[in-house]
Amino acid sequence: SAKRDRSVRMGALHQALGLAVALSISLLACALEEVKFGTVDSKAENQVVLVYRSAEEASESAVSALTDAETKLKEIGVAGMESMKFVKSNAADPSNSNDMLKKGIATYPMIFVSVKGQGLDRYMREISTEKLVSYIRTKLEPTTDDDVFPFNRELISKEYPTMIHFMEEWCTRCKTFKHAFQYAATETVGSVMFMEVTCSSTKDSKKFCDQHKIDGYPTVVLTGGHLKKPLYYNKDRTIPGVMEFLKENVPDLIVASEAEDV
């Protein structure tokens, strides 16, 4: 009957759609490229490097987590992923392990992430697909300095805590930290003031840095607001590190992206 023919056609259509979805997912699925450690350029931008040892449970779990993270990031269409390269290098290969030892790498797994303008960072957090997706996604997030103020003593008040980035223009680590600093500034507008001080730029900025006993760069200090004394930043110089530090030390912190999710 016509009704039965229609039912058969609908069933065939659903089956075809299912196959199409499965095919699209399989096309997105990633496999980490295996490379010799000696060919990895630590100065290259936009790369994720996993150092692992095959047949070890923690390493195999890391391979799986990073593979799934790359697939997920591409699946959700994170901007910047098209230029990212994901590779792995196996310490079970004697030539690799020798090259790794020369770089001081003797424990596995380790993950290193490099994004243009941010330098190379060792990933120091839980190696899971969810955490890796969040970490890499925030590193690829574009930022601006719109919410970071230049040096001005009057910004420090009892009304808001102020996070100060003491830096110098020649300092490479200061430049790579800017992305995390700018991201946090935008995320916490209305809760925390952010200020950048180039210590040698003026006599007043030099005096200000001397008052805070700044002897290395970057140095980051949280002061003002409810704080009785300045707090020196003690986390890794990443977005998760900065956000954790603020959540631990600023009561009633409002985070824009989290407020949007509520």
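Guide: A residue counts as exposed when its relative accessible area is over 50%. This structure is a predicted model.

Visitor: Why is Lys213 called exposed?

Guide: Its relative accessible area is 70%. The cut-off is over 50%. Lys213 is therefore exposed.

Visitor: Where does Lys213 lie?

Guide: Lys213 sits in the loop between H6 and S9. Its phi is positive, about 55 degrees, although Lys213 is not a glycine.

Visitor: Which residue other than glycine has a positive phi near 60 degrees?

Guide: Asp252 does. Look for Asp252 in the loop between helix H7 (239-249) and helix H8 (256-261).

Visitor: Which residues make the contact?

Guide: On H2, they are Ala65, Leu66, Asp68, Ala69, Lys72 and Leu73. On H4, they are Thr129, Leu132, Val133, Ile136 and Arg137. By class, seven are nonpolar, one is polar and three are charged.

Visitor: Which residues of helix H3 are buried?

Guide: In H3 (residues 94-102), Asn96, Ser97 and Met100 are buried. Buried means under 20% relative accessible area.

Visitor: How do you know that the buried residues line one face of H3?

Guide: Look down the axis of H3. The buried residues fall within an arc of 95 degrees, so they line one face of the helix. They pack against strand S2 (47-52) and strand S3 (85-90). On the other side of H3, Pro94, Leu101 and Lys102 are exposed.

Visitor: What follows H3?

Guide: Gly104 follows, with a positive phi near 80 degrees. Pro109 lies in the loop between H3 and strand S4 (110-115).

Visitor: What kind of peptide bond joins Tyr108 and Pro109?

Guide: A cis bond, with omega about 0 degrees. Most peptide bonds are trans. The bond from Tyr217 to Pro218 is cis too, with omega near -10 degrees. Pro218 is found in the loop between helix H6 (203-211) and strand S9 (219-224).

Conventions:
Residues numbered from 1 in each chain as written. Predicted model: local features only at pLDDT ≥ 70, side-chain atom pairs only at ≥ 80, totals over all residues. Heavy atoms only, no water. Contact = heavy atoms within 4.5 Å. Helix = DSSP H or I, 4+ residues; strand = E, 2+ residues; numbered from the N terminus. Nonpolar A, V, L, I, M, F, W, Y, C, P; charged D, E, K, R; others polar. Buried < 20%, exposed > 50% of the residue type's maximum accessible area, 1.4 Å probe, protein only. Arc of directions from axis to C-beta.
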